[in-house]
Amino acid sequence: AGAFATVTATDAEQNAGGKVTDIALKIAPDVETRWRDKGERPNPDRILVILRTNLEAQQLFGGEPGSGTKLEVVVTDFELRPTYDNVLWGIMSGGLLSGSDKLNGTITVTDKSGKPISTFNVSASFSGGSDSRKFPMSQRADLMYEDFGKRTAQRRAGDTAPK
C-alpha cells in the first residue's frame with residue numbers, strides 16, 4: 001500500500017499538448033486494510049485501463065510519458081457487496097437492504113514538473129436494487145469502474161475546455 005501503480009502513453013503517441021500522458025493510481029491505506037479484511041478487492045490494473053480508455057475517447061490522453069499532465073488517483077473508498085449478500089438482502093427487501101457498490105477517489109492533476117494544477121473528487125456507484133441480483137460481483141465492479149472512468153474523463157474535459 002502507498003505506492004502508485006502507473007500507466008503511461010506509448011512512444012507512438014505524438015504531440016501531447018495539454019493531454020494527460022501519465023496516470024497513477026494509489027489506494028488509501030485505510031481502504032487497503034478494509035479490503036484485506038473483507039476479502040473484496042478491486043482490480044487496480046482494470047481501473048487504470050478503463051481510466052485511460054475513457055480519457056482517450058475524449059482525446060485527453062496521449063504523448064510522450066512525462067511530457068504532459070499527470071493524473072494522480074487516490075482511491076478513498078470502495079465497497080463491493082459479495083454476491084450472496086446482494087442476492088439474500090435483495091430478495092428479502094426488494095433490493096432496499098442490499099446497499100450500493102461504490103468507488104470514490106480524489107484526482108490531482110499535475111503539470112510535467114509535478115506542480116498541482118487542480119484536484120477534484122469522483123464518485124461512482126452501482127445500486128441496481130432488486131435488478132442488481134442479476135449481475136455477478138465482477139460485472140458490478142466493471143460497471144463501477146466504467147462509471148468512475150467516464151466521470152473522471154468528463155471532469156477532466158471540463159477542466160481543459162476553453163473558458
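The following points are a note on a predicted model of one protein chain.

1. Basis of the note. Residues are numbered from 1 along each chain as its sequence is written, and side-chain values use heavy atoms, with hydrogens and water left out. As the model is predicted, local features need a pLDDT of at least 70 and side-chain atom pairs count only at pLDDT 80 or more, whereas totals for chains, interfaces and linings use all residues.

2. Overall architecture. The protein chain has four helices and five strands, where helices (H or I, at least four residues) and strands (E, at least two) are DSSP runs numbered from the N terminus. Read along the sequence, these elements follow the pattern β-β-α-α-β-α-β-β-α. Of the 163 residues, 42% count as buried, a class that means under 20% relative accessible area, with exposed being over 50% and partly exposed in between (1.4 Å probe, protein chains only). The chain exposes about 8,400 Å², of which carbon and sulfur atoms supply 52%; accessible areas come from the Shrake-Rupley method with a 1.4 Å probe, and for residues only the protein chains shown count as cover. Among contacts (heavy atoms within 4.5 Å) between residues at least 6 apart in sequence, 73% join residues at least 24 apart.

3. The nonpolar core. The largest nonpolar core has 30 residues, and those with the most contacts inside it are Ile23, Leu55, Phe78, Leu103, Ile107 and Phe148. At least two residues of this core come from each of strand 2 (20–27), helix 2, strand 3, strand 4, strand 5 (116–126) and helix 4. The term denotes a set of buried Ala, Val, Leu, Ile, Met, Phe, Trp, Tyr and Cys residues joined through side-chain atoms within 4.5 Å. In soluble globular proteins, nonpolar side chains tend to be buried together.

4. Two residues with contacts across the chain. Leaving aside residues up to four places away in sequence, leucine 55 touches Val20, Ile23, Leu60, Phe61, Leu71, Ala153 and Arg156. Threonine 152, which lies in helix 4, counts as buried because its relative accessibility is 1%.

5. Helix 2. The 14 residues of helix 2 should span 20 Å at 1.5 Å a residue, and the end C-alpha atoms are 20 Å apart, which agrees; the expected span is 1.5 Å times one less than the number of residues. Buried positions in helix 2 are Pro44, Ile47, Leu48, Ile50, Leu51, Arg52, Asn54 and Leu55. At the start of the helix, a side-chain oxygen of asparagine 43 reaches to within 3.1 Å of the backbone nitrogen of aspartate 45.

6. Glutamine 59 lies in the loop between helix 2 and strand 3 and has a positive phi of about 55° although it is not a glycine. Most residues other than glycine have a negative phi, and most peptide bonds are trans. Glutamine 59 is classed as exposed because its relative accessible area is 62%. Proline 65 is found in the loop between helix 2 (44–57) and strand 3 (69–79), and counts as partly exposed at 34% relative accessibility. The C-alpha atoms of proline 65 and isoleucine 23 are separated by 9.7 Å, although these residues are 42 residues apart along the chain.

7. The structure holds six salt bridges, each a side-chain nitrogen of Lys or Arg within 4 Å of a carboxyl oxygen of Asp or Glu. One of them joins glutamate 56 to arginine 52, with the closest N and O atoms 2.8 Å apart; both residues lie in helix 2, four residues apart, about one turn of the helix. Glutamate 56 is partly exposed, with a relative accessible area of 32%, whereas arginine 52 is buried, with a relative accessible area of 15%. Another joins arginine 151 to aspartate 147, where the closest N and O atoms are 2.9 Å apart, and this pair lies in helix 4 (residues 137–160), again four residues apart. Arginine 151 is partly exposed, with a relative accessible area of 41%.

8. A salt bridge between strands. Aspartate 77 forms a salt bridge with lysine 102, the closest N and O atoms being 3.2 Å apart. This pair links distant parts of the chain, with aspartate 77 in strand 3 and lysine 102 in strand 4 (residues 101–110), 25 residues apart. Aspartate 77 is buried at a relative accessible area of 16%, while lysine 102 counts as partly exposed at 33%.

How values were computed:
A polar contact is a pair of N or O atoms within 3.5 Å; within protein, one must be able to donate a hydrogen and the other to accept it, and residues adjacent in sequence count only if both atoms are side-chain atoms.
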